[in-house]
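Hi,

Here is the structure we talked about, with some notes on what turned up in it. Have a look at it first, then read on.

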Amino acid sequence: MSHLVRLPWNDVEDGTHELTSLIQTSWEEKEEYDSWLMDLRSKCSQLFKYIAQINPKLAAATLHTKLEYLLTHHGNGQPRNLTNGEQLQQWSFACVQFEGFHQPLDNLLQGMPSWSLAEKEDCANSDPGRLEIRASVRSSLNQVANMIISWNPTDVWLKFRRTTLVNALKYYWQYDPTTLLTGVDAMLTYLATSDDHMATRPHSNGKKHSDEIVSLRKRTGACLVSISKK
């Protein structure tokens, strides 16, 4: 998962990244790195789905551990670098960490076998081993869903990242919709998100909403549509 997190290319260009020499040896320019990362993520997509299919208990536990770490260390935007006033920017460290977590979450949830997520009564005839795995998977993913729904960041770009995580939960909500209504309600509030500081920003050109708010609203709308189709 860690290799799917985008490298801070500005730090590489400035020579402040601890692995600048190695990175510059591997990729001559940002476009080359972006192409490599896109290819890596594409290949990892099938790998994550396969891992979830053959070992759903491990996949669910890994998601829980990783998300818990991210929320503890970056949930409030820590270390709050690359800020624009009081707000984080798209490539701030915390935002990039959550951006890199979205694909593993989405792919692993997609790859989970239905028997590992189904209601207990649907597994009545399953062997004891499967029942134990199912209980562990559902417990871990219930905690994952609750952590995402309970997370309430104030930075616009972290809200944006939250919408992508909520969108991935649609694969889990097919089997356990306990947190579905709360998640949808949280997304509906994002549709009305305002930019209280827009009027005071330089070069606002009289715009009512910043580009970040517009992006958040669009992404939230797409998230709600995607959830409704599942």
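A disulfide here is a pair of cysteine sulfur atoms within 2.5 Å. The sulfur of cysteine 223 is 17 Å from the closest cysteine sulfur, in cysteine 95, so that is too far for a bond. A search of the whole structure gives 0 disulfides. Cysteine 95 is likewise in no disulfide, with the sulfur of cysteine 223 as its nearest cysteine sulfur, 17 Å away.

Before the rest, a word on what you are looking at. This is a predicted model, in which local features need pLDDT of at least 70 and side-chain atom pairs count only at pLDDT 80 or more, while totals for chains, interfaces and linings use all residues. Residues are numbered from 1 along each chain as its sequence is written, and side-chain values use heavy atoms, with hydrogens and water left out.

Are those two cysteines buried or exposed? Buried means under 20% relative accessible area, exposed over 50%, and partly exposed in between (1.4 Å probe, protein chains only). Cysteine 95 counts as buried, at 0% relative accessibility, and cysteine 223 is also buried at 0%. Across the protein, buried residues make up 43% of the 230 residues.

As for the fold, there are 10 helices and 2 strands (DSSP runs numbered from the N terminus: helices are H or I with at least four residues, strands are E with at least two). Along the sequence they follow the pattern α-α-α-α-β-β-α-α-α-α-α-α. The C-alpha trace spans about 65 × 45 × 30 Å along its principal axes.

The contact (heavy atoms within 4.5 Å) includes Trp157 and Phe160 of α7, and Leu216 and Cys223 of α10. So the cysteine discussed above, buried at 0% relative accessibility, is one of the α10 residues in this contact.

Lastly, aspartate 195 is found in the loop between α9 (180-191) and α10. Aspartate 195 is buried, with a relative accessible area of 13%.

Cheers
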